[in-house]
Amino acid sequence: QVSDDVVKIGILNDQSGVYANFGGRYSYEAALMAVEDFGGTVLGAPIEVVTADHQNKPDVASNIARQWYDTEQVDSIMELTTSSVALAVQALSRDAGKITITTGAATTELTGAQCSPYGFHWVYDTHALAVGTGGALVEQGGDTWYFLTADYAFGYSLEENTGNFVKAQGGEVLGSVRHPLASNDFSSFLLQAQASGAKVIGLANAGADTQNAIKQAAEFGIVQGGQRLAALLFTLAEVHGLGAEAAQGLTLTESFYWNRTDDSRAFAERFFERTGAMPNMVHAGTYSAVAQYLKSVEAAGTDATEAVSAKLHELPVSDLFAENGTVAPNGRMIKDVYLMEVKAPDQITTPWDYYNVLATIPGDVAYINPAESGCPLVTQ
Amino acid sequence: MSEPLLNVSDLHAWYGESHILHGVNMHVNQGETICILGRNGMGKTTTLRTVMGILRKRTGEIRFAGHDLMATPLHRTAHTGLGFVPEERGIFATLNVDENLMLPPKVAEGGMSVDEIYKLFPNLKERRNSPGTKLSGGEQQMLAIARILRTGARCLLLDEPTEGLAPVIIDAIGEVLTELKSRGMTVVLVEQNFRFASRVADRFYLMDHGQMVMEFPVSEMEVRREELNQALGV
Amino acid sequence: MMTIFGVPTAALFGQLLVGLINGSFYALLSLGLAVIFGLLRVINFAHGAQYMLGAFAAYLLAVWLGLGYWSALILAPAIVGIVGAAIERTMLSRLYKLDHLYGLLFTFGLSLTIEGTFRYFFGAAGQPYAGPAALQGGVNLGFMFMPIYRGWVVVASLIVCIGVWLLIEKTKLGSYLRAATENPTLVQSFGVNVPLLLTFTYGLGAALAAFAGVLAAPIYQVSPLMGSNLIIIVFAVVVVGGMGSILGAIVTGYMLGIAEGLTKVFYPEASNIVIFVIMAIVLILRPAGLFGKDA
Amino acid sequence: MNANPVSKQDQPRVVLSARGLGKDFSGFTAVNNVDLDVHHARIHALIGPNGAGKTTVFNLLTKFLQPTRGNITLLGTDITSMKPDRVARMGLVRSFQISAVFPHLTVLENVRVALQRPNNLATQFWLPLSSLDRLNGRADVLIDELGLTEYRDTRAADLSYGRKRVLEIATTLALDPEVLLLDEPMAGMGREDVKMVAGIIRDVAQHRAVLMVEHNLSVVADICDHVTVLARGEIIAEGDYRSVADDPVVRTAYMGSEA
Amino acid sequence: MAVKSEPIATETIDVLPNASGVRTVLLLVLLAGLLVAPFMLYPIFVMKLLCFALFAAAFNLLLGYTGLLSFGHAAFFGGSAYFTAHAVKEWGWSPEFGVLLGVAGAAVLGLIMGAIAIRRQGIYFAMITLALSQMFFFFCLQAGFTRGEDGIQSVPRGQLFGFIDLTNDINMYYFVLGVFLLGMLMIWRIVNSPFGMILKSIRENESRATSLGYSVARYKLAAFVMSAALTGLAGGVKALVFQFATLTDVAWQMSGEVILMTLLGGIGTLIGPVFGAGLVVTLQNYLATSDFPVTIITGVVFMVCVLVFRRGLVGEFYASKLGRRLGFNPEN
Ligand SMILES: Nc1ncnc2c1ncn2[C@@H]1O[C@H](COP(=O)(O)OP(=O)(O)OP(=O)(O)O)[C@@H](O)[C@H]1O
Ligand SMILES: Nc1ncnc2c1ncn2[C@@H]1O[C@H](COP(=O)(O)OP(=O)(O)OP(=O)(O)O)[C@@H](O)[C@H]1O
Ligand SMILES: [Mg+2]
Ligand SMILES: [Mg+2]
């Protein structure tokens with residue numbers, strides 16, 4: 001019942017670009033851990049994990065995915081950092097009848113208008129980020145916003161979600177400026193944001209782009225001038241990269257924090273031994289996704305796409321990443337997300353213990369109600 | 001007689017695969033002006049370029065003033081006192097006349113001063129700030145010669161200095177050469193213009209297919225006229 | 001708030017300053033390109049890679065040897081210059097006899113190799129590099145907040161540009177260099193060691209790029225691809241200025257940086273292409289470039 | 001020096017003329033106030049010291065340079081502001097001071113390239129190469145006339161210098177030009193070639209106008225009907241060779257001891 | 001006596017008596033290989049190869065036969081991919097018209113870019129085309145219809161002539177092969193035509209061509225536009241094969257890649273670029289999922305080609321003894 005006598009999982013993500021630390025090779029490591037924890041075989045067939053670098057280019061990603069499916073018997077592809085890539089690969093996989101579980105990308109489109117019966121979105125999305133970080137800042141009085149947006153699907157989605165949320169809370173969006181992915185120089189964009197006079201500058205970008213923007217904002221005295229920066233997608237990896245000094249006080253949203261429960265701590269220690277870094281939500285989420293996929297294969301008794309997807313939709317998710325997760329008909333895995341604050345350097349006692357958890361946002365608040373997601377698969 | 005200033009023996013040279021010089025033998029004494037005659041393409045220019053070391057695919061022996069030129073890298077050759085005025089003149093377009101004139105480093109004492117040079121070539125003085133290639137052919141030829149006179153070279157290799165020049169200018173160049181000779185300059189001249197050559201040269205070589213086939217002093221010029229005309233295809 | 005043409009002065013001056021800083025990099029890089037092109041007739045496609053090498057040299061000097069910014073500012077260009085000279089000596093010098101396009105293609109391959117190698121070892125993401133402590137912070141100019149370090153970049157690039165220009169236009173060395181461009185064999189037959197001169201020139205050009213790289217390191221991240229897109233803009237700058245014109249490269253570099261800054265204020269959508277548009281217009285009106293002599 | 005046989009020659013008439021022609025190069029006047037009439041069926045020599053502006057005059061006439069002053073008329077049409085290829089199509093064709101052939105094409109192909117244009121076989125990218133074979137007849141006649149038959153299939157690069165010049169003249173003649181401008185056609189040629197080329201020029205001039213720059217005064221004396229002497233960009237003398245050569249101004253400015 | 005100058009004696013090599021027969025056989029073997037290829041190899045891979053081979057051959061039409069090095073051909077390749085993808089996906093055009101639109105679009109782009117660039121020569125030309133294509137790149141980055149970094153995804157392959165289903169890889173393959181052969185045939189014809197002869201003479205001596213009455217600029221422009229249009233043909237088909245049009249295809253690295261293919265195969269040889277493209281694409285495919293960055297290898301290959309074998313693989317073969325015995329001429 002297992003095609004080609006092997007269950008093969010592809011981890012496709014950015015391993016050398018701006019998101020190399022965000023997911024990167026460590027996601028692959030997390031996937032390997034999940035396979036080992038599962039015992040290395042499922043239904044008597046060996047489990048294999050392959051990986052490739054898509055360089056954040058949707059066409060490169062599609063080519064690799066196509067080739068994996070056509071010539072290398074890959075059964076499902078996961079991780080898929082970068083929204084444009086995730087959208088492309090999810091669409092292609094849907095045509096090819098293969099499962100994708102996105103853990104790295106953020107756009108709500110994946111479970112919205114472009115949803116797929118075989119596509120799953122596991123870790124977070126732009127809506128959750130908007131509700132988390134956006135909500136917190138508006139609450140603190142940041143009611144006028146200006147966005148610095150990465151110029152592709154993810155950026156638009158994040159800007160739109162956050163903007164809508166801000167407006168819904170009675171705030172105002174003064175404008176936005178778009179920058180190409182992997183920009184070096186944010187100074188002129190920052191100056192425009194500064195000139196807008198908005199109270200909050202929303203950084204609708206991610207990875208190294210956000211790090212750079214924060215650093216350069218400091219150079220131009222933007223925070224001194226009284227404006228706040230909202231790093232809308234910022235994880236442990238980037239906090240570590242930027243350093244606690246520069247990152248202190250940032251508010252951010254993640255769906256996982258390693259130092260939150262015993263289970264997560266135990267996983268994190270093992271992960272640290274293998275990689276030298278603590279996991280962020282993408283790494284933990286990839287572990288969870290692989291594990292859940294294997295469980296579903298086992299439960300379905302086959303690796304056939306239809307059957308496994310059905311199980312993925314059906315089985316509850318309960319592991320170190322998600323305590324009580326469920327998968328909605330549009331493919332969205334729904335669980336709690338957390339609002340965090342980066343501690344001041346002098347408060348950090350354990351290495352990597354960067355966060356205070358400010359609030360837990362329940363899954364049904366964080367994520368769009370599946371019925372309103374615009375996904376045609378959801379029967380109203 | 002003492003050792004010649006320049007002595008070339010059994011010199012062979014190649015352009016890529018084609019063997020152009022087939023054992024050239026020639027010598028030039030201190031203070032002498034010799035002239036290499038020969039039809040087009042017989043290897044006159046090649047001889048000069050090989051002696052100077054510009055063409056490096058060569059065998060044989062070249063000695064100049066006690067130096068073994070076969071073993072001397074091109075940029076050291078000038079420092080032995082050899083100066084070269086190429087057929088195509090080699091004026092630099094991006095430098096003006098003055099800069100062109102000042103370009104070659106001084107290799108020895110005793111060169112002419114800039115004032116002396118401009119006295120010799122008044123045309124050049126007039127155009128001293130124009131870019132080199134904006135000069136006409138004749139002006140360029142003068143500049144090419146003038147340029148070497150400054151460096152203090154003791155032996156000049158001159159390749160067809162009168163080519164494409166007007167008769168008055170040729171006259172002027174003839175005077176310059178006579179003047180240089182009186183100062184003890186040694187000159188190796190390549191010429192097609194035999195009337196000009198016989199005015200300035202002490203001795204002649206006739207070149208044919210990459211070899212020197214005849215050698216005679218200027219005094220034998222008249223006697224050999226017939227023979228020469230035949231050889232040169234006049 | 002004061003405005004000019006409906007644009008707040010702070011934004012206007014801010015963008016002008018950013019433009020001037022970008023212009024400083026354009027000028028330094030196009031200067032190096034012009035020097036190399038002017039004398040070797042090689043379009044140094046690896047210039048962007050050498051700029052990156054400068055930044056990386058500074059970064060690695062700091063990581064491995066703990067050397068600070070100021071020593072890197074001297075050492076990194078020296079190292080890159082020597083590497084450049086070695087490459088010229090061993091490889092590039094074989095191409096002078098051929099069509100100049102081969103020089104372009106060779107350096108293109110070189111840049112791919114260098115960038116690929118650094119990408120392999122350091123990833124495409126940037127590495128942070130700390131600027132000198134003395135130049136941290138900024139001054140409030142009233143209309144805007146100017147980071148001191150960025151001011152220093154403008155000053156340093158101006159000094160270097162003028163210095164190099166004087167070297168080439170006003171010294172004997174410069175006239176050797178210019179003459180050697182046209183007829184290296186002849187200059188050599190005059191007793192000048194031309195191959196050495198060319199090696200020196202390429203080294204100088206590479207060092208200039210590396211100098212720009214060190215200046216850039218604290219502002220931008222140090223990343224393997226930092227030079228690869230910049231180089232094309234710099235090409236356009238050189239074309240606008242007039243290929244091989246040293247002065248043209250410098251002046252155009254600053255001018256286009258500022259033009260780009262202004263575009264960001266008035267019509268941001270076009271800021272990426274404004275330099276190329278200017279290039280097209282200049283080519284139509286003055287094919288030899290603003291400062292170029294008619295070919 | 002002997003006069004040309006006038007018998008089978010066409011009647012002279014002005015085909016190319018320049019009035020008040022002048023050219024400045026950034027402040028330096030290379031050519032000034034030149035009036036020139038070139039006649040059909042005559043050989044007109046332009047001589048003068050180096051730097052007199054002869055090549056520049058050629059460049060002006062053929063429109064490779066744009067004159068600063070003055071105007072040029074070709075066959076009754078004002079061509080002062082035309083492009084060089086246009087002028088060439090009107091029948092004014094030049095040769096270059098430095099020989100200009102297509103080195104990697106054979107002699108035949110060189111000539112055919114010239115023949116292609118008047119025969120409307122230049123833009124057809126859909127036709128096979130063999131469609132050019134119908135030009136071979138005409139090309140062979142030219143090649144034969146100029147004594148290149150032996151070299152018909154030799155690449156131009158492999159020809160001797162003199163033959164390259166002859167080939168250049170052949171391609172020029174292939175266009176059957178009204179006016180032929182030759183810049184130092186004999187420079188760098190062996191004596192035998194000089195004679196041959198002089199003969200060819202004399203022949204072709206029977207039915208067209210020739211304007212040539214030449215330093216070789218014996219050739220000028222031999223074949224030219226009319227001589228214009230240029231010095232410092234201006235015309236200092238004009239007339240047949242003898243009268244010009246006897247002119248004391250010309251003697252001091254140009255001819256020196258050789259006259 | 002005249003200057004005696006024999007034509008330079010080249011090493012005499014007897015051309016094999018049945019040389020042209022051997023060449024025909026070689027060609028037929030190649031053709032047969034292409035016909036059965038989709039059954040032996042991964043069809044998408046072979047299609048990619050054919051698209052790039054045509055791209056390189058079209059590029060070579062300009063570089064190899066006109067002597068113009070364009071560093072901006074990605075604009076035509078990627079531009080055409082966008083036009084085709086947009087027409088097919090958004091307007092529902094059939095694939096053949098989509099590709100034709102791509103070709104027309106690329107030709108228009110070529111006309112505009114060419115008109116500016118041919119004002120200069122040599123390296124200047126290369127740099128100007130590079131800059132102009134970069135300008136087009138930024139245009140594509142910002143224009144709405146290209147969808148920026150996301151690209152035009154899921155382009156339907158549709159039905160060729162309304163009845164051949166191209167979603168089938170084998171059908172698609174033969175369509176691509178047909179286009180490829182057609183393109184190569186056109187290039188071959190252009191090169192060996194009266195027009196090609198003039199291009200050649202312009203490359204050899206521009207001012208002489210002018211003085212013979214040829215409007216050099218127009219010929220160059222015409223060659224540029226033809227090359228752009230054929231490049232567009234390759235680009236449009238590629239968009240259908242991969243069902244994708246992205247910025248990668250308009251980026252300057254793509255222009256570099258096509259130069260590499262041509263250089264590696266042999267500039268100025270008709271099938272050199274085909275082999276070059278084959279090698280580069282195979283290499284990239286092989287390395288795509290390995291850790292080792294392709295750029296290093298590409299870069300090194302570039303340097304080696306330029307330094308030691310500038311004639312390229314096919315060119316070197318032609319110039320070799322065997323090649324010459326088979327009657328290939330390294331000059332052409
Ligand atoms: N760069 C070159 N490559 C190959 N062969 C060459 C080259 N230069 C000259 N030759 C050949 O070498 C031979 C000798 O040429 P050289 O220039 O020395 O003749 P020359 O006697 O100076 O003639 P001229 O009077 O025309 O200047 C000729 O047959 C010529 O074709
Ligand atoms: N492009 C230019 N720019 C500036 N000056 C020029 C240019 N071309 C020629 N000249 C100048 O114009 C004058 C005439 O040059 P031209 O080449 O016409 O002389 P010529 O009579 O043909 O001489 P020659 O017999 O030596 O070839 C010269 O003094 C030259 O320096
Ligand atoms: Mg000679
Ligand atoms: Mg002249």
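I call a residue buried under 20% relative accessible area, exposed over 50% and partly exposed in between (1.4 Å probe, protein chains only). This is a predicted model, where local features need pLDDT of at least 70, side-chain atom pairs count only at pLDDT 80 or more, and totals for chains, interfaces and linings use all residues. Residues are numbered from 1 along each chain as its sequence is written, chains are lettered from A and ligands numbered from 1 in the order in which they are written, and side-chain values use heavy atoms, with hydrogens and water left out.

Strand first. Helices (H or I, at least four residues) and strands (E, at least two) are DSSP runs, numbered from the N terminus. I checked β7(B), residues 155-159, and found 5 of its 5 residues buried. Cys155(B), Leu157(B) and Asp159(B) lie on one side, Leu156(B) and Leu158(B) on the other, and both faces are covered.

Next I looked up its partners. Strands pair if DSSP finds at least two bridges between them. β6(B), residues 82-85, runs parallel to β7(B) with 4 bridges; Leu82(B) is bridged to Cys155(B). β8(B), residues 186-190, also pairs with β7(B) in the parallel sense, over 5 bridges. There, Asp159(B) has Val190(B) as its bridge partner.

Then the helices. Which residues of α4(C) meet α10(E)? I found Tyr102(C), Leu105(C) and Phe108(C), which meet Trp252(E), Gly256(E), Ile259(E) and Leu263(E) (contact: heavy atoms within 4.5 Å). The contact residues divide into 6 nonpolar, 1 polar and no charged, with Ala, Val, Leu, Ile, Met, Phe, Trp, Tyr, Cys and Pro counted as nonpolar, Asp, Glu, Lys and Arg as charged, and the others, Gly among them, as polar.
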